Amino acid sequence: MSRRRTWRSLPVVHQLRQSVGLQRGMLVTGLVLTGILVLTAVLAPLLAPYGYGQLRDADGAFGAQQPPSGDHLLGTTVGGYDVLSRVIYGSRTAVFVIVVAIVLSIVAGVLLGLVSGYLGGWLDRVLVVVADAVYAFPSLLLAIVAAIVISGGQSSLVGGVLAAAISITVVFIPQYFRVVRAETVRIKSEAFVESARVVGTGTWRIMTRHVLRNATRSLPLIVTLNASEAILTLAGLGFLGFGIQPTAAAEWGFDLNRSISDVTSGIWWTSIFPGAAIVLTVLGLTLVGESLNDLADPRLRSRRRAADVPPPADVAVTPGGGLAAGTEGGTP
Amino acid sequence: MNEPVVDIRDLRVTFATDGGDVAAVKGVSLQLHPGEVLAIVGESGSGKTVTARTVLGLLPETALTRGAVVLRSKDGGTTADVVTLHGGDLRSVRGRDAAMVFQEPGSVLNPVYPVGWQIAEGLRAHGDVSKKEAREVAVDVLRRVGIPDPEERVDHYPHQFSGGQKQRIVIAQALALNAGVIIADEPTTALDVTVQAEILDLLRRCRDEFGASIVLITHNMGVVADLADRVAVMYQGELVETADVATLFADPQQEYTRTLLGSVPKLGQGAARARDRAARRPGGWADQPPVVVARDLRIVYPGRFRKPDFTAVDGVDFTIAPGEVLGLVGESGSGKSTIGRAIAGLTPVSGGSLSVLGTEVAGIKEKAFRPVRRRIGFVFQDPATSFNPLLTIADAVAEPLVVHGRAGDTDDARGRVDELLEAVQLPRAFGDRFPHELSGGQRQRASLARALALQPELLIADEPTSALDVSVQARVLDLFDELQREFGFAALFISHDLAVVDLLADRIGVLHHGRLVEEGTGEQVLGNPQDPYTQRLLASLPVPDPVEQAQRRARWAALR
């Protein structure tokens with residue numbers, strides 16, 4: 001009964017152990033898809049037959065718009081790149097952008113939300129208005145503006161990825177800000193915070209030791225949902241031409257943009273594969289996020305039926321009732 | 001006519017939870033006879049609520065019910081086994097044959113509909129009633145439960161009624177359909193003592209005038225003594241003992257029942273303790289400067305959006321001498337907690353003067369007050385929320401020591417933490433546990449350990465036992481008394497329960513609407529109350545003895 005901080009109580013692992021039935025299926029599907037994405041990103045140089053910016057090999061140029069063949073399993077693009085290699089390397093860009101965007105927005109959003117919620121006053125009001133104003137903009141438009149401001153048209157790998165990540169960050173900060181602020185306001189009035197105040201604990205110590213860790217419970221959930229949104233925003237930016245040049249990195253949205261003209265001329269392989277990669281990535285991350293959401297709520301979480309020893313002939317599972325018999329597991 | 005209206009046979013209920021299956025009810029058989037009040041008593045987790053809820057089929061989907069609950073309609077014509085009913089059949093039984101009165105009347109009524117509409121809703125669900133008829137029934141039933149001007153008030157919304165009136169309306173909902181069985185789940189727990197007496201009186205009339213049989217679920221033995229005809233004692237999902245009320249209180253058969261009855265604090269027990277404490281005080285004790293002095297203390301919560309300000313504390317004078325325990329009693333909204341919070345610097349003082357340990361608190365800055373804080377301990381009402389769920393008990397108890405620089409971190413303070421845990425009779429190993437791994441009583445002990453970590457001169461205990469079961473409460477109160485004797489701190493003990501305050505306090509102050517209406521020793525206040533409010537409060541308090549309670553009830557009726 002002492003400290004049980006084993007791997008079993010880690011955020012996602014804990015929920016996986018807790019889930020049953022359809023919810024488990026959704027979570028497992030999501031985790032598998034996400035796992036494939038991450039593995040592909042890590043092992044991209046081993047998996048991809050060619051480089052993302054490679055136009056020729058020892059036998060000469062690949063040629064443009066070649067249909068799938070033994071040399072090019074998924075064909076080549078209008079620019080003469082190997083589709084399979086670009087799809088595989090695209091996962092790298094995607095993961096990179098997700099990680100940078102989420103880390104940046106979490107750090108900034110959580111910090112602002114905590115300060116704003118705990119201290120309140122005029123600072124809180126100003127920050128809330130700013131967050132609302134950011135919400136009011138169409139997120140893609142805002143990302144485009146941010147991309148232009150940050151990269152100024154340049155698009156090296158690091159520059160392009162950072163530009164995409166930061167422009168996504170701008171859109172996401174208000175989400176983390178709001179969630180953490182709302183939690184902070186709630187926790188601020190909890191008895192354990194008051195008890196810390198009675199003891200004479202300083203403001204900063206209360207914020208970091210008592211409020212922060214209790215306010216971050218729902219973050220894993222927003223992270224997964226935001227990750228899928230980040231992919232879409234990145235693809236949208238690429239599709240609109242604010243992405244990364246093909247020689248700097250592979251990017252699914254950019255490839256889709258280049259394949260528009262192919263679609264009408266019956267060249268399907270240049271658009272289907274990057275498109276499918278986007279869909280599966282978003283699907284995987286969304287499934288993880290949605291099932292975590294359901295599992296976090298005792299009212300939405302389905303449970304294994306209670307074991308019954310005799311045959312279930314005279315068993316009545318009565319509907320209704322507000323007895324939420326659920327105990328939140330201790331996920332730190 | 002002696003057929004039981006509710007016949008529970010070998011009821012077993014199992015819940016599927018994250019931690020595996022939990023058997024909440026393990027083979028309970030009970031009968032409720034017509035015109036009878038059956039009280040089911042037990043501590044939290046004893047399965048009393050689950051048992052009663054099965055009568056209405058009101059269990060969540062995670063529950064698995066076995067056994068039989070046979071419900072007979074009021075005229076005795078039809079019987080139905082609720083456990084096997086589904087959908088429409090179950091709905092037709094609910095309300096018509098059995099109705100429910102919940103604990104929290106404020107959250108049972110829908111705030112966006114008039115109360116008359118909500119009473120009529122039940123009528124519409126069970127038959128074709130015209131609007132006019134439904135309204136007439138609603139007005140009639142409201143009048144009979146004692147709502148004044150029912151013709152007008154039938155169109156009022158729930159927020160326009162007081163807590164006690166809302167509970168009357170919930171009971172009226174049950175009576176409108178003329179239900180044969182009323183399940184009352186802690187119907188008075190959320191209400192003040194004086195209102196509780198009125199609701200109990202109304203429930204008694206439900207039986208006498210409406211012929212309803214009542215299942216009363218409660219943990220308050222005073223309420224049982226006041227209302228019940230027969231008592232079923234439950235413990236951990238099993239029926240311990242069933243007896244009629246006089247027999248149970250006079251001659252309990254089971255050990256558990258005896259313990260339960262013995263833990264209930266009774267008025268008048270505290271006088272001996274108070275005398276004992278007074279005798280042990282050294283000479284010149286009364287001449288020491290007091291720990292807390294309040295003079296014409298006023299605390300006002302500013303109104304929002306043009307609403308008038310709310311005066312929570314209105315010109316209160318009191319002092320607490322070193323080593324003295326002052327008990328503050330009052331109903332909800334009387335300002336008793338506000339005074340405690342003001343002393344701890346959690347609520348600003350609006351007027352008058354409040355001096356804590358020689359420091360004037362009115363208008364003080366947080367920074368200037370911080371040195372005083374280390375000399376004050378605070379025990380909160382709800383032990384479940386007063387601990388940071390992510391810190392171990394040792395972390396929480398060490399926190400005051402770390403904050404005030406007595407220790408570098410938790411490990412550094414561990415020796416002192418272990419001492420404190422031992423002082424509150426918790427094993428040292430509990431320091432490594434998280435708050436949710438402790439029971440309510442254990443958490444409240446840990447809370448005491450935390451409050452005492454800096455050896456405060458003043459301890460404020462804000463309803464420290466009201467969230468605890470009665471047997472646990474008894475142990476925590478004993479512990480409090482022991483610690484007070486050992487450490488010699490002065491204390492402000494806040495409670496709504498006169499008997500609890502009487503047990504611990506040297507002096508008792510009675511608050512009513514922000515004013516201190518009476519103050520004196522326990523013997524003075526409880527033995528010979530001068531203020532009419534104190535008299536009413538005392539008369540409303542049900543005592544856990546059916547014979548004495550019947551006499552008190554008569555006196556209460558006279559005072560009304």
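Two strands count as paired when DSSP finds at least two bridges between them. With that in hand, here are some close-ups of this predicted model.

**View 1. An open antiparallel sheet in chain B.** Strand 11 (residues 292-301) of chain B and strand 12 of chain B run antiparallel and are joined by 8 bridges. They belong to an open sheet of 4 strands in chain B, ordered 12-11-14-15 with antiparallel pairing. Its edges are strand 12 (310-320) and strand 15 (359-360) of chain B, each of which pairs on one side only.

View 2. Strand 3 (residues 37-41) of chain B pairs with strand 8 of chain B in the parallel sense over 5 bridges, and Leu38(B) has Val215(B) as its bridge partner. Strand 7 (residues 181-185) of chain B also pairs with strand 8 of chain B in the parallel sense, over 5 bridges. There, Ile183(B) stands opposite Val215(B). To get from strand 7 to strand 8 of chain B, the chain passes through helix 8 (residues 193-210) of chain B, and this β-α-β crossover is right-handed.

**View 3. Where two domains of chain B meet.** Chain B is divided into domain 1 (268-375 + 456-527) and domain 2 (391-454). Their C-alpha centres lie 24 Å apart. The contact takes 13 residues from domain 1 of chain B and 12 residues from domain 2 of chain B. Which helix gives the largest share of the side of domain 1 that touches domain 2 in chain B? That is helix 18 (residues 470-487) of chain B, with 7 residues. The residues on this side of domain 1 of chain B divide into 11 nonpolar, no polar and 2 charged.

View 4. Arg450(B) has its place in helix 17 (residues 440-452) of chain B. Is Arg450(B) buried or exposed? The cut-off for buried is 20 or more other C-beta atoms within 10 Å; Arg450(B) has 28, so it is buried. Leaving aside residues up to four places away in sequence, Arg450(B) touches Ala396(B), Val397(B) and Pro400(B). For a sense of scale, Arg298(B) is 152 residues from Arg450(B) in sequence and 30 Å from it in space, C-alpha to C-alpha.

View 5. Our last stop is in chain A, which has 13 helices and 2 strands. Of its 332 residues, 44% count as buried. Among contacts in chain A with a separation of 6 or more, 72% are between residues 24 or more positions apart. Helix 10 (residues 219-239) of chain A has 21 residues, which at 1.5 Å a residue should span 30 Å; its end C-alpha atoms are 29 Å apart, in agreement. Helix 10 of chain A is largely enclosed by the rest of the structure, because 16 of its 21 residues are buried. Just after this helix, Gly241(A) takes a positive phi of about 90°.

How values were computed. Residues numbered from 1 in each chain as written. Chains lettered and ligands numbered in written order. Predicted model: local features only at pLDDT ≥ 70, side-chain atom pairs only at ≥ 80, totals over all residues. Right-handed = clockwise from strand over helix to strand, strands pointing away. Buried ≥ 20, exposed ≤ 12 C-beta atoms within 10 Å, placed from the backbone. Contact = placed C-beta atoms within 7 Å. Domains from an automatic or database assignment. Nonpolar A, V, L, I, M, F, W, Y, C, P; charged D, E, K, R; others polar. Expected span 1.5 Å × (residues − 1).
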